[in-house]
Amino acid sequence: MRTDQRPFTTASPSTASLSTTRNLGILAHVDAGKTTVTERILFATGTVHKRGEVHEGTTVTDFAPQERDRGITIFAAAVSCAWRGHRLNLIDTPGHVDFSDEVERSLRVLDGAVTVFDAVAGVEPQSESVWRQADRHGVPRIAFVNKLDRAGADLDNAVASIRERLGAVPLVVQLPIGREDGFTGVVDLLRMRALVWRTGTDTCESGPVPEQLREEARRRRRALEEAVAELHPAALEEFCAAAALTERTLAAALRDLTLSGDGLVVLCGSAYRNRGVEPLLDAVLAYLPSPADVPAVRGTLDGTEQERATDAAEPFTALAFKVTATATGRLTYLRVYAGTARKGETVLDAGAGRTERIGRILRVQADRHEEMEEVTAGDIVAVVGLKNVRAGSTLCAPSAPVVLEPPRVAEPVVTVAVEARRNTDVARLSAALARLAVEDPSLVVRSDPETGQTVLSGMGELHLEVAVEKVRRDHGLDVTVGRPQVSYRETVVRGVSDLVYRHVKQDGGAGQFAHVVVDVEPRKEAGMEFRSTVVGGRVPQEYVRAVEAGCRDALAEGPLGGYPVTGLLVTLTDGATHSKDSSELAFRAAGRFALRDALRASVMELLEPVVEVTVTVPEDTVGGVLGDLAARRGRVSGSTTQAGTAVVTAAVPLAELFGYASGLRGRTRGRGTFSTRPAAPAAVPRSVAEAVLADR
């Protein structure tokens, strides 16, 4: 028997109550074990009857050939299962930094998440990155400290790293039974019961806490009660009155703290050995929100804010967060926020202003699907038949249009030239790359105006390598790929004041006239901020907006090397109009040319993308690794040594990291590993900048 009862597996997808639905993601650093956690959840819930393994390439969610070849998650995969009368819609997200945009799109539509941590490594670089992404979206989380069966596993150290590096307040609700290879189960600190998984079986036995752990369990239960009482007013009141908290009060307080983000429930186990999964599922139901707990979704219509409650009676409202091309057709993944839609119905793509017909509605099990007649508020499904919908599109009832905020798309940082070997394949390559860009908005395809080459930009070397491999494998194209190039930016170091630009054009008939005065100064944040201090109506508001649009046009090419411009504040201080010849077109042109002149007159510098690199190597090779990082213009920010292994953290320009994996393997005789996460861009040293601009 599993834990207390067999899982419920007969919930109707279309009629399940909102309160018995959970939309959650599995988040982690690469190799922390989140795909194995997902696989064990599917096994525990009876969705699959054989456990898949990452190293064997047999998992449900890592079904793409690139994922099975590399043994990592590359594409976010959705699966659905049922547990104790609840419908669980899970998204297994990538843990590699190059695919963080997949995580971003998933978090935009999720109600909660399980963050998986390695019990040996604790918080790792990408753990921190996905945590910050979840913070930005306000997604409630619980934590699962995985791999407690590994040598060096330590729950307390992992929890300490969560507290120190993430700034969270961990509330540990379990105590491990046994250490490392002797890990056999956990003590449930709420019920004060032991849950033990016997070797060679998939069953969990509940019993009294082992004698040798009773004192430690009581101490940890007391610490949990005190921590919760400090954070939760109702719990504090009971704690002061009774000097203890009941199981019911503790559970209710933990749920409140999870939903508010003031506390992080921490569980532990070993997914590979199938230990700790059932209590994790129970915690998902107990602490993470249902769609009914989530505030009404907000959107806009003609500049006016609209709200749609999570209710089947509301007008249909959904957000497309992923588009894929499969053998069965084009799949569009939707999170439905309100209303009901049936197959065959027509919906409105609110952003594009066109209607689309829903051909089929599918309950998704990674690369397998189950047909549904309808989908209601709170669910996540895939739809066939939407021909032009992209990730980020809002689909709604034609009679009640609304536009929801789309997921944020990161700017690409690495670029390669891609060409077909045969001239007859040029058109097919263009079509294949265009389809890739639809499926993955973080990929950008363009034509280089100077060389005429097709250029593909993405989030990193692996991201582009996977994209090119997909073109080769799925479309049978033979392509050549150029050396990777990073995406530089230009920024203002010292600006200019009172730059005057007068745009006058007369070609017969109505002319063009616009007079603007602008200030340009540096800004710490990325992008451009635009302000207007014009008084007395000298420049009407519609012309002010046109000036801003023109300034944004000018950001596409900077004066140093034609790279995009970022980090500046532009202020429109004065201007003048003509009664007949002034227009929005004229002021937009004036804004564009005024900012171009201002940037040429400003002191500019080149920015390059930088990543934080965490290198793990044997202690006897650390000297060579540090020297190599210094040669790559790396700035070491930390170094620790434990049990013969050194962990070095450094900020390194992305341009210097191409080919680093093979170099590190050579220096450490194959024993070194590294991971990266994005850091703030940095100014390029003058000597390097001169070489970059000379090659431009």
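This is a predicted model: local features need pLDDT of at least 70, side-chain atom pairs count only at pLDDT 80 or more; totals for chains, interfaces and linings use all residues.
**View 1. Packing of helix α3 against helix α4.** Two packed helices are described by the angle between their axes and the distance between the axes. Here α3 spans residues 100-107 and α4 spans residues 125-137. Their axes lie 10 Å apart, at an angle of about 30°. Angles under 35 degrees count as roughly parallel, so α3 is roughly parallel to α4. The crossing of α3 past α4 is right-handed. From α3, the contact draws on Ser100, Val103, Glu104 and Leu107. From α4, the contact draws on Gln126, Val130, Gln133, Ala134, Arg136 and His137. Sorted by class, the contact holds four nonpolar, four polar and two charged residues.

**View 2. Asp31 in the loop between β1 and α1.** Most residues other than glycine have a negative phi. Asp31 is not a glycine, yet its phi is positive, at about 75°. Is Asp31 buried or exposed? Its relative accessibility is 53%. Exposed means over 50%, so Asp31 counts as exposed.

**View 3. Ala243 in the loop between α7 and α8.** Ala243 is another residue with a positive phi, about 65°, although it is not a glycine. Helix α7 covers 233-242 and helix α8 covers 247-260, with the Ala243 loop between them. Relative accessibility for Ala243 is 40%. Buried means under 20% and exposed means over 50%, with partly exposed in between, so Ala243 counts as partly exposed.

How values were computed. Residues are numbered from 1 along each chain as its sequence is written. Side-chain values use heavy atoms; hydrogens and water are left out. Axes are lines fitted to C-alpha atoms, for helices over the stretch in contact, and angles run from 0 to 180 degrees between N-to-C directions. Helices (H or I, at least four residues) and strands (E, at least two) are DSSP runs, numbered from the N terminus. Angles under 35 degrees count as roughly parallel, over 145 as roughly antiparallel, 65 to 115 as roughly perpendicular and the rest as oblique. A crossing is left-handed if the near helix is turned anticlockwise from the far one by less than a right angle, and right-handed if clockwise. Contact means heavy atoms within 4.5 Å. Ala, Val, Leu, Ile, Met, Phe, Trp, Tyr, Cys and Pro count as nonpolar, Asp, Glu, Lys and Arg as charged, and the others, Gly among them, as polar. Buried means under 20% relative accessible area, exposed over 50%, partly exposed in between (1.4 Å probe, protein chains only).
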